[in-house]
Amino acid sequence: MTEKRKVLITDTSLRDAHQSLMATRMKTEEMVPILEVMDQVGYHSLEVWGGATFDSCMRFLDEDPWERLRILRKHLKNTKLQMLLRGQNLVGYRHYGDDVVEAFIKNTAECGLDIIRIFDALNDVRNMEKALEVCKKVGIHAQTTVSYTISPYHDIAHFVDIARKLSEMGADSFCIKDMAGLISPYDAYELVGQLKEAVDIPIQLHCHYTSGMASMAYLKAIEAGVDVIDTASSPLSLGTSQPPTDTMVTALRGTPYDTELDQELLLQVSNHFKEIRKNYVIPVDVALGVDTNVLTYQVPGGMISNLVSQLAEQNATHLLSQVLEEVPRVRADLGYPPLVTPSSQIVGTQAVVNVIMGERYKMVSTEVKNYLKGLYGQPPAPMNEELQEKVLKEEEPITNRPADNLPPEMEKSREAIKDLMEKEEDAITYAIFPQVAEAFFKRRKGLEPPLHGPPGKEAREEEKAEAADLNLEKIGSVDPAMAVKDKEGRTIGYPI
């Protein structure tokens with residue numbers, strides 16, 4: 001007879017679910033009416049912050065992300081709140097100085113957050129080290145993560161080794177982050193089983209439904225001993241989001257794994273988000289479709305839409321199949337990084353450039369150069385040495401922790417916005433997103449007109465425009481005179 005063991009639920013409706021389906025456009029005012037009901041359900045935690053929400057709050061919704069967190073904390077008095085943090089990248093797209101990491105996490109704790117899920121795009125534990133250390137210092141539960149992927153260098157032993165290292169560093173729990181929906185049910189069973197034997201901390205599984213396997217993977221992981229699973233309220237589930245909370249709770253009801261969540265309250269939550277969802281147009285292939293391309297190319301659904309947008313900007317959508325075939329080749333050249341922010345953008349953009357130029361690496365993006373130099377960290381596998389030599393020329397790649405090469409940034413940030421700054425957290429926000437933050441602060445002071453964003457039904461068009469910008473925030477420095485521009489004047493790369 002199976003031993004009774006309650007499975008815990010982290011609901012992602014307030015963060016990852018609407019990031020995956022609705023381009024992170026859900027407003028705080030759309031969340032508030034249902035918060036006190038959600039607070040009574042009995043979730044292990046609610047994922048409410050991090051990922052793309054920080055940027056989107058300011059850029060598209062004219063909201064202060066810190067204020068959103070405080071509002072959520074005010075209404076969610078009994079439920080743990082958690083966020084997704086990109087390790088040394090925080091909620092941005094480059095590594096930030098250790099002083100920014102410390103200030104960000106300290107302020108997050110003061111706003112009432114309970115759990116921070118820390119990941120790194122390369123699974124380089126050095127890039128999670130500082131965030132983990134600060135979480136422990138300020139009393140936040142530090143959940144470390146492995147970004148799940150498949151390659152000749154990624155196997156169960158590799159993932160278990162990462163978990164051991166992070167556990168020894170003081171992690172409070174460990175999450176398998178399957179951002180592309182790649183993990184099969186039996187691999188989930190085997191991986192969770194081995195993790196439970198290797199480390200003495202709770203194990204959580206986070207899957208996207210993209211390939212159609214997530215619910216099955218959850219059930220097998222539960223049988224293997226997983227402690228927590230990530231789900232989303234049914235109107236915000238499936239497609240590129242997570243499996244539905246309501247369905248998983250019903251499937252486990254009356255079993256030794258019964259979640260004991262209140263299903264009447266879950267129905268109220270579902271009815272609320274059903275109405276909110278009507279404000280947004282979600283393409284059928286995003287919302288409901290099973291995309292088996294991800295099993296061949298390991299390209300998450302959101303990354304495919306970005307590739308399509310980039311190709312559309314160049315009037316080259318007919319080249320999508322070639323780009324999808326090029327992505328795995330670029331990924332191999334870069335040492336098989338998991339395809340998650342920012343490595344997914346780095347690999348995807350270079351694949352687009354390679355195909356459009358008709359020659360591989362005739363031109364490389366700034367980010368690829370910095371990646372090859374080691375400024376993002378150590379990839380899981382050796383990189384293509386010929387490519388490194390071609391791009392870096394006489395430059396030597398770095399081998400130490402990337403953030404050790406970064407100067408402190410907070411004082412410079414405070415000085416830059418001294419006339420706009422109203423509170424300490426403004427300096428943190430500016431350090432991470434200088435242009436977006438400065439524009440937001442000017443609107444807040446009435447120096448620029450308010451941002452009247454488009455109705456939710458136009459969110460996808462806005463997302464496409466955003467994705468078409470091939471240039472991420474820079475790491476390091478390059479000669480701007482060498483930049484190659486697209487027809488709109490955007491930097492798309494540097495000739496080598």
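**View 1. Helix α4 lying across β2 and β3.** Start with helix α4 (residues 65-75), which lies across β2 (45-50) and β3 (80-85) and runs at about 165 degrees to β2. This is a predicted model, in which local features need pLDDT of at least 70 and side-chain atom pairs count only at pLDDT 80 or more, while totals for chains, interfaces and linings use all residues. Residues are numbered from 1 along each chain as its sequence is written, and side-chain values use heavy atoms, with hydrogens and water left out. Helices (H or I, at least four residues) and strands (E, at least two) are DSSP runs, numbered from the N terminus. For the angles, axes are lines fitted to C-alpha atoms, for helices over the stretch in contact, and the values run from 0 to 180 degrees between N-to-C directions.

**View 2. Helix α5 and the strands it touches.** Helix α5 (residues 98-110) also packs on the sheet, where it touches β2, β3 and β4 (115-118). Its direction makes about 160 degrees with that of β3. Together, β3, α5 and β4 make a right-handed β-α-β unit. Right-handed here means that, with the strands pointing away from the viewer, the path from the first strand over the helix to the second runs clockwise.

**View 3. β3 and its two partners, β2 and β4.** On one pairing, five bridges join β2 to β3, and the two run parallel. G50 stands opposite L84 in β3. On the other, β3 and β4 pair in the parallel sense over four bridges, and M83 has I116 in β4 as its bridge partner. Two strands count as paired if DSSP finds at least two bridges between them. β3 is mostly covered, with five of its six residues buried. Buried means under 20% relative accessible area, exposed means over 50%, and partly exposed lies in between (1.4 Å probe, protein chains only).

**View 4. Eight strands closing into a barrel.** From one strand to the next, the twist averages 30 degrees. Now look at where β8 meets β1: strand β1 (residues 8-11) and β8 pair in the parallel sense over four bridges, and T10 stands opposite D230 in β8.

**View 5. β8 beside β7.** Two bridges join strand β7 (residues 203-207) to strand β8 (residues 228-231), and these strands run parallel. L205 stands opposite I229 in β8, while the bridge partner of Q204 in β8 is V228. Helix α9 (residues 214-224) makes a right-handed β-α-β unit with β7 and β8.

**View 6. An aromatic cluster.** Rings of Phe, Tyr and Trp (its six-membered ring) pair if their centres lie within 6.5 Å; planes under 30 degrees apart count as stacked, over 60 as edge-to-face and the rest as tilted. W49 is buried, at 0% relative accessibility, and F54 is buried at 0% too. Y93 and F433 are edge-to-face as well, because their planes are at 70 degrees, with ring centres 6.1 Å apart. That pair links distant parts of the chain, 340 residues apart: Y93 is in the loop between β3 and α5, and F433 is in the loop between α20 (424-432) and α21 (434-444). Both Y93 and F433 are buried.

**View 7. Two lysines over rings.** The charged end of K177 sits over the ring of F119, 5.0 Å from its centre. K220 lies over the face of Y189, at 4.9 Å from the ring centre. A charge sits over a ring if NZ of Lys or CZ of Arg is within 6 Å of the ring centre and within 35 degrees of the ring normal.

**View 8. S56 in helix α3.** This helix spans residues 53-59. Is S56 buried or exposed? S56 is buried, with a relative accessible area of 4%. Setting aside neighbours within four places in sequence, S56 is in contact (heavy atoms within 4.5 Å) with A23, T24, R25 and L61.
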